[in-house]
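Trainee: I have not looked at this one before. Can we go through it piece by piece?
Mentor: Fine. Open it up and we will start.

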Amino acid sequence: MPTKVILDVDTGTDDAVALMVAALSPDLELIGATTVNGNTAVHNCTENTLRVFDWIGRPEIPVRQGMSRPLARSQATQLNPASRIHGDLLDLPPRGADSRARLQPGHAVDWLIDTLLASDGDITLVPVGPLTNIATAIQKEPAILEKIPEIVIMGGAHDHGNSTASAEFNIWLDPEAARIVVNCGRQIRMIPLDATHRALVSLDDCRALRALGTPAGEAAARFVEKRIDGYDATQPMHRAGAAPVHDALAVCAVIDPTIVTAYFIPVDVETGGELSVGRTVCDFRFRSGRPANVQFAMDADEPKFVAMLTEILGRTA
Ligand code: BDR
Ligand code: CA
């Protein structure tokens, strides 16, 4: 039986690859996608998500638009975080007038609440953007919690951040929301930069993805090449010509948890620190006396990740 998932996205090049993996993997049933302010303004994230589903021939997957700003933060970069790595709109054909893809009516948060309450408690949430939608849903209807078997989050960083020295982008953009979600009491797995930076996709891998001859392989190659340019120029990794595809690793970790090495530890989110706001504080030595609440991934299997991407993105709808 495929695992039912909802992806909460701020699409984004790596979100786009994650969406394609979730939509095409036979091990997952993608119930829908919800969009949130993040890599770009929420309406762009929505348009990008619809473009991705059109492109791979899955326009029937429902998309709902969600929160347009963080719970409490209002820095210009958090409200309109145009990204050098992603750009605002993906390089895919716009949603056409004749497309069957239509933005579903209703707010993402309400749809999340209704869908979870009506479920058998078998839908895994996979937020790969700021956690504003998920935190808002929990605040609005706490009864959803008992319906959530697991939340697999792309976010966080122990060793080093990417938005600041301390913080990873998804958590930094809405730390108050992240704090609510990691402390919600349900099973949480975090796929932070410590793991995603260990599973890079290279220019050679992009050639192999393009050679698959599928829409998903072509789009993934295009997006990852763009990412590699951006990373080489502004955030070089331990080897040139390769980049992380963070959000896709989180989806692959739902399909195969052994793709990452995780530790079950107490994790909280800093919301007050002048220099450390948005930091995921990882209590590896249990100094806080708090119980473990998060499976926090510190490593990933790069060959396995690339092999999974290549196998899944070689599929067509
Ligand atoms: C995260 O930030 C976004 O730019 C990416 O889509 C990913 O979800 C990585 O820090
Ligand atoms: Ca993202």
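**Contacts, metal, helices and rings**

Trainee: Leaving aside its neighbours within four places in sequence, what is His86 in contact with?
Mentor: His86 touches Gly12, Thr13, Asp14, Asp15, Asn39, Lys226 and Arg227. Keep in mind that this is a predicted model.

Trainee: Where does His86 lie?
Mentor: In the loop between helix 3 (76-79) and helix 4 (108-118).

Trainee: Is His86 buried or exposed?
Mentor: Buried, as its relative accessible area is 8% and buried means under 20%.

Trainee: How many residues apart along the chain are His86 and Ala16?
Mentor: They are 70 residues apart, and their C-alpha atoms are separated by 10 Å.

Trainee: Asp15 was in that contact list. Which ion has Asp15 among its protein donors?
Mentor: The calcium ion, ligand 2. Its protein donors are Asp10 (OD), Asp15 (OD), Asp15 (OD), Val128 (O) and Asp247 (OD), at 2.3 to 2.8 Å from the ion.

Trainee: How are the donor residues of the calcium ion spaced in sequence?
Mentor: The spacing is D-x4-D-x112-V-x118-D.

Trainee: Are Asp10 and Asp15 buried or exposed?
Mentor: Asp10 counts as buried at 1% relative accessibility. Asp15 is buried too, with a relative accessible area of 0%.

Trainee: And Asp247, which helix has it among its buried residues?
Mentor: Helix 11. The buried residues of that helix include Asp247, His246 and Ala248.

Trainee: How many residues of helix 11 are buried?
Mentor: Ten of the ten, over residues 246-255, so helix 11 is largely enclosed by the rest of the structure.

Trainee: Change of topic. How do helix 1 and helix 12 cross?
Mentor: The axes of helix 1 (residues 13-24) and helix 12 (residues 302-313) cross at roughly 60 degrees and come within 9 Å. The crossing is left-handed.

Trainee: Which residues meet there?
Mentor: From helix 1, Val17, Met20, Val21 and Leu24; from helix 12, Leu309, Ile312 and Leu313. By class, that contact has seven nonpolar residues, no polar ones and no charged ones.

Trainee: Now the rings. How many aromatic pairs does a search of the whole structure find?
Mentor: Two. One is Tyr263 with Phe284, an edge-to-face pair with 6.2 Å centre to centre and 75 degrees between the planes.

Trainee: Why would that pair tie parts together?
Mentor: Because Tyr263 is in strand 9 (residues 260-265) while Phe284 is in the loop between strand 11 (280-282) and strand 12 (294-300), and these parts are 21 residues apart in sequence. Tyr263 counts as partly exposed at 42% relative accessibility, and Phe284 counts as partly exposed at 30%.

Trainee: What does Phe284 form with Phe296?
Mentor: An aromatic pair, edge-to-face, with 6.4 Å centre to centre and 85 degrees between the planes. Phe296 lies in strand 12 and Phe284 in the loop between strand 11 and strand 12, so this pair ties together parts that are twelve residues apart in sequence.

Trainee: Is Phe296 buried or exposed?
Mentor: Buried, with a relative accessible area of 0%.

Trainee: What do the ring pairs link Tyr263, Phe284 and Phe296 into?
Mentor: A cluster.

Conventions. Residues numbered from 1 in each chain as written. Chains lettered and ligands numbered in written order. Predicted model: local features only at pLDDT ≥ 70, side-chain atom pairs only at ≥ 80, totals over all residues. Heavy atoms only, no water. Phe/Tyr/Trp six-rings, centres within 6.5 Å; stacked < 30°, edge-to-face > 60°. Helix = DSSP H or I, 4+ residues; strand = E, 2+ residues; numbered from the N terminus. Buried < 20%, exposed > 50% of the residue type's maximum accessible area, 1.4 Å probe, protein only. Axes fitted to C-alpha atoms, helices over the stretch in contact; angles between N-to-C directions. Left-handed = near helix turned anticlockwise from the far one by under 90°. Contact = heavy atoms within 4.5 Å. Nonpolar A, V, L, I, M, F, W, Y, C, P; charged D, E, K, R; others polar. Donors = N, O, S within 2.8 Å, 3.2 Å for Na, K, Ca; no water.
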